[in-house]
Amino acid sequence: MRMTVIGTGYLGATHAACMAELGHEVLGVDVDEAKIASLKDSKVPFFEPGLPEVLERNLDNGRLNFTTDYAEAAAFAQVHFLGVGTPQQKGTYAADLTYVRQVVEDLVPMLEGEHIIFGKSTVPVGTAEQLQELADSLVKPGSHVEIAWNPEFLREGYAVKDTITPDRIVVGVREGATAEAIAREVYSTAIAADTPFLVTDLATAELVKVSANAFLATKISFINAVAEICEQTGADVVALADAIGHDDRIGRKFLGAGLGFGGGCLPKDIRAFMARAGELGADQALTFLREVDSINMRRRDRVVQLAKEMCGGSLLGKRITVLGAAFKPNSDDVRDSPALSVAGSLSLQGAAVSVYDPEAMDNARRVFPTLSYASSTKEALIDAHLVVLATEWQEFRDLDPQVAGGVVEKRAIIDGRNVLDVAKWKAAGWEMEALGRNL
Ligand code: UDX
């Protein structure tokens, strides 16, 4: 099938390349000329394992192409996926729908005949209906544009796998819409592999996405709230998570206590969800998400407090190594990164902070130019009074405490992600603290 994918950021670039991988003919569209030039040149402008290979293969076989020209997109296909960003609006919690609306305003007047736009961006409930009205007001006489919603659940670091073999496919449609049949064709490979294919109304599809992310955020903050209690009582949150996670109804995934969630999705999505509930007069329904957000932010403060305690009450003049800058491993994304937020606070309180991340250094430098950055883990560790493991890259998990101990000034570490072997580090003479554990 021929299709366009409009917006070639994280979501769109991945969707475009993976749809081509599945055999479709795909045109990726973006207003950002530099991004399009890079993609055309087979370069993925962000770190995502496996995606460069998929991109290159499908550019080479001719199934994938990119353009900045909406007229070309309008003529190329009758099926369009919309994957532009919906960032948090400055000064409010609400989602900024400027880019989503702009695509409809730019594309729809050029369309001839029958077209379907599948929204993939995460949007406040009710957006698809508004976009349908907007499209109806802009479409050429005699032509028709149907808006459907097909939320995306991909995780950074697993984006290719999540797109090609998703857990489920959700398509929100209006009554009598043709989008369901088209979506079945688009996703025929996954459907043939028995992937659940769920057809809902538009509002439900929009809500599925934000509810899923709100649930994941809540699960993380739940265990982090319990971690606070563990810290007061001498209990161990990791053993506790293992124990409750054995209950199938609860499950061990997303019970990783530590520095909490960050990134471009969970924080902004729970805030936008609350803002939308307020607009709908149902704010009470989601006030608990405010707590989810604060529990999450408190974990960052806790690490700074632990750092102070371990440095004898003051950070002034202390050299602290922060291992990790990305919001999670296998990503170079530093949006709302707990690691960088901790590094920034430590630095503001007078510590000399040295940050290292295997992939996110360029992005980190752009966002926090005042921090100092090392070119390797070893360099970051030199003469440190304290090490903070903030993002659980495999390289940091694999650190040898004896080797690291030979480089630092003082063997002291905070495991901000609860991934290190406590016995091994303690045996190597390290003073160690973690979140939700009394070591
Ligand atoms: C998330 C959703 O998982 C995905 O379905 C959606 O499409 C986009 O948002 P992503 O932001 O890529 O994906 O990251 P995810 O793997 O969900 O992790 C989010 C954050 O939670 C990270 O900062 C991670 O470190 C943190 N986390 C995750 C924990 O603190 N503990 C856990 O147990 C799991």
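Of the 20 residues around the ligand, the nearest are Glu156, Gly256, Phe261, Gly263 and Cys265 (a residue counts as near if its C-beta atom, placed from the backbone, lies within 6 Å of the molecule). This is a predicted model, where local features need pLDDT of at least 70 and side-chain atom pairs count only at pLDDT 80 or more, while totals for chains, interfaces and linings use all residues. Residue numbers run from 1 along each chain as its sequence is written.

By class, the ligand shell splits into 10 nonpolar, 6 polar and 4 charged residues (Ala, Val, Leu, Ile, Met, Phe, Trp, Tyr, Cys and Pro count as nonpolar, Asp, Glu, Lys and Arg as charged, and the others, Gly among them, as polar). Helix α10 supplies the largest share of this shell, 3 residues (helices are DSSP runs of H or I, at least four residues, numbered from the N terminus). Domain 1 (2-200) and domain 2 (236-439) both give residues to the shell, so the ligand lies between them; the bounds come from an automatic or database domain assignment.

As for the domains themselves, their C-alpha centres sit 33 Å apart.

Val210, Asn213, Ala214, Leu216 and Ala217 of α10 meet Leu266, Asp269, Ile270 and Phe273 of α12, a set with 7 nonpolar, 1 polar and 1 charged residues.

Methods
Two residues are in contact if their C-beta atoms, placed from the backbone, lie within 7 Å. Helices (H or I, at least four residues) and strands (E, at least two) are DSSP runs, numbered from the N terminus.
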